[in-house]
Amino acid sequence: MKTLFITRHLPYPPMGGSALRNWQNINIMLQFGSVGVISLQVNSSKDDAKYPYPPKVSLWKNYYLSQMGPKNSRWQKIKNKLWLLQPQAHPWTNQLYSKNVVEELEKVLIEFKPQIVVFAELWLYPYLKQLKSYQGYFIYDAHNIEASLRQELHRSVQGTKSKIKSAFLLTKVRSIESSFVRQVDRVWVCSDDDASLMQNLYGKKSNLQVVPNGINIADYETIRLGNFPLPKNIQITTHTMIFTAAFGYKPNAVAAQILIEQIYPKLQKIYPDCRLLLVGRDPTKQMKQAAKNDPGIIVTGKVPDVRPYLAAASVVVVPLLEGGGTRLKILEAFAGGRPVVSTSKGAEGIEARDGEHLLIRDTVEDIIAEVSKLWSEPNLGQKLTSAAYTLITEKYSWQAVSYRVNKAIEDLIK
């Protein structure tokens, strides 16, 4: 059986939650046969050439939308600005769509002949509409329940003009997501919570399947055992916090500001050698400026591998107030043997219990207190990481997730 994945961003090396989920599912589907990957990026990066061809993948094509002809035309630019007037359009779906890519995809379908086509994330929906006549099974892999997430973000929007735009975005996202769910053969979601949200919004329980986010535990074993090489040119101390994220996503940027402005300064007063690692692509201007002003704040930008930085940290802090999906950053910490302090929102979708696998606190003061406790009571961190490692082995390893995918595929093709 052949499977074709259509994804945003490069699939390998997996950097960030979305890429980690895609790489997990790509590897699991390799058990059934050949896998091809089409990755779409808005713009090229000088770093892209450094990254290798994804191992074991039979076919991989990467397209930069900014170089796909019509995208640069004056009419296309006008059309992108008039997304409000287009049915089932959104700035991100417009940005990721190109007729030239449709033509390339049609060629791939004819030549590669996949039995299953997986669309990773909502914003690739326009390609489903163009390829629906292809005789195969279509899966929408919902990394988030986007309408629920958009509703959450809408509540915090300030100002009349911004509020009106946000309301239009919410309506568009609901329309796109509803149509996507109705048109595909199966919808994969990250957790039981997401399955309930999706069913409440759009019904169709029969085509929903939970495929949890998972971790290839072997990739993090040397971190857990204390043998992984640390990043160069960074002074690391025993009081080092880390938050890994794609900071172009607003909830992650907000969490980073909370760390910079509230959590880190207060901990630094207690532990003068305190360090804060903010690791991931698209850091904000405020983050970069904070790093310039304080050598204790390290903002890396996009890195080829987060593991050296995770190995350098003594605690993972996830102060998320908004967002959706399942936090792979927490699962990475569990696999790498690093204790976690998170908000309730940050720990959503993971079957982890406060005080047993991690510490869940929802105020800045409580987060600071728990980080300080972990640094002063090593036995507490050891207790948490031991239980968290057992949890991830049983429920969130690739082996555990593979069992769920096997059942999902059997149900699809029976």
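**Cavity**

I searched the whole structure and found one cavity of 30 Å³ or more. I am working from a predicted model, where local features need pLDDT of at least 70, side-chain atom pairs count only at pLDDT 80 or more, and totals for chains, interfaces and linings use all residues. Residues are numbered from 1 along each chain as its sequence is written, and side-chain values use heavy atoms, with hydrogens and water left out.

My terms here: on a 1 Å grid over the protein atoms alone, a cavity is a set of points where a 1.4 Å probe fits but cannot get out, a pocket is an open set with protein on both sides within 12 Å along at least five of seven lines, and lining residues have an atom within 4 Å of a point. Grid points are joined across faces, edges and corners, and a volume is the space filled by probe spheres set on the points.

I noted a volume of about 60 Å³ for the largest cavity. Its lining consists of Ile242, Phe243, Thr244, Val306, Leu310, Val316, Lys329, Glu332 and Ala333. I see β8 (240-244) and α13 (328-336) each supplying at least two of the lining residues; helices (H or I, at least four residues) and strands (E, at least two) are DSSP runs, numbered from the N terminus. By class I count six nonpolar, one polar and two charged residues in this lining. For that, Ala, Val, Leu, Ile, Met, Phe, Trp, Tyr, Cys and Pro are nonpolar, Asp, Glu, Lys and Arg charged, and the others, Gly among them, polar.

**Second largest pocket**

Next I looked up the second largest pocket, with a volume of about 380 Å³. Its lining has 20 residues, and Tyr12, Pro14, Trp23, Asp219 and Arg307 lie nearest the centre. Helix α1 (residues 17-29) gives the largest share, four residues. The lining divides into eleven nonpolar, four polar and five charged residues.

**Backbone notes**

Which peptide bond did I mark as cis? The one from Tyr12 to Pro13, with omega near -5°. Pro13 sits in the loop between β1 (3-8) and α1. His9 is placed in the loop between β1 and α1 too, and I noted its phi near 70°, a positive value in a residue other than glycine. His9 is partly exposed at 24% relative accessibility (buried is under 20% relative accessible area, exposed over 50%, partly exposed in between, with a 1.4 Å probe and protein chains only).

Glu121 also went on my list: its phi is positive, about 95°, although it is not a glycine. I found Glu121 in the loop between β4 (116-120) and α5 (125-131), buried at a relative accessible area of 7%.

**Helices α6 and α7**

The axes of α6 (residues 146-155) and α7 (residues 160-183) come within 9 Å and cross at roughly 170°. The two helices are therefore roughly antiparallel to each other. Axes are lines fitted to C-alpha atoms, for helices over the stretch in contact, and angles run from 0 to 180 degrees between N-to-C directions; under 35 degrees is roughly parallel, over 145 roughly antiparallel, 65 to 115 roughly perpendicular and the rest oblique. The contact of α6 with α7 has five nonpolar, three polar and six charged residues.

**Tyr403**

Last, I checked Tyr403 in helix α16 (residues 398-413). Tyr403 is exposed, with a relative accessible area of 53%.
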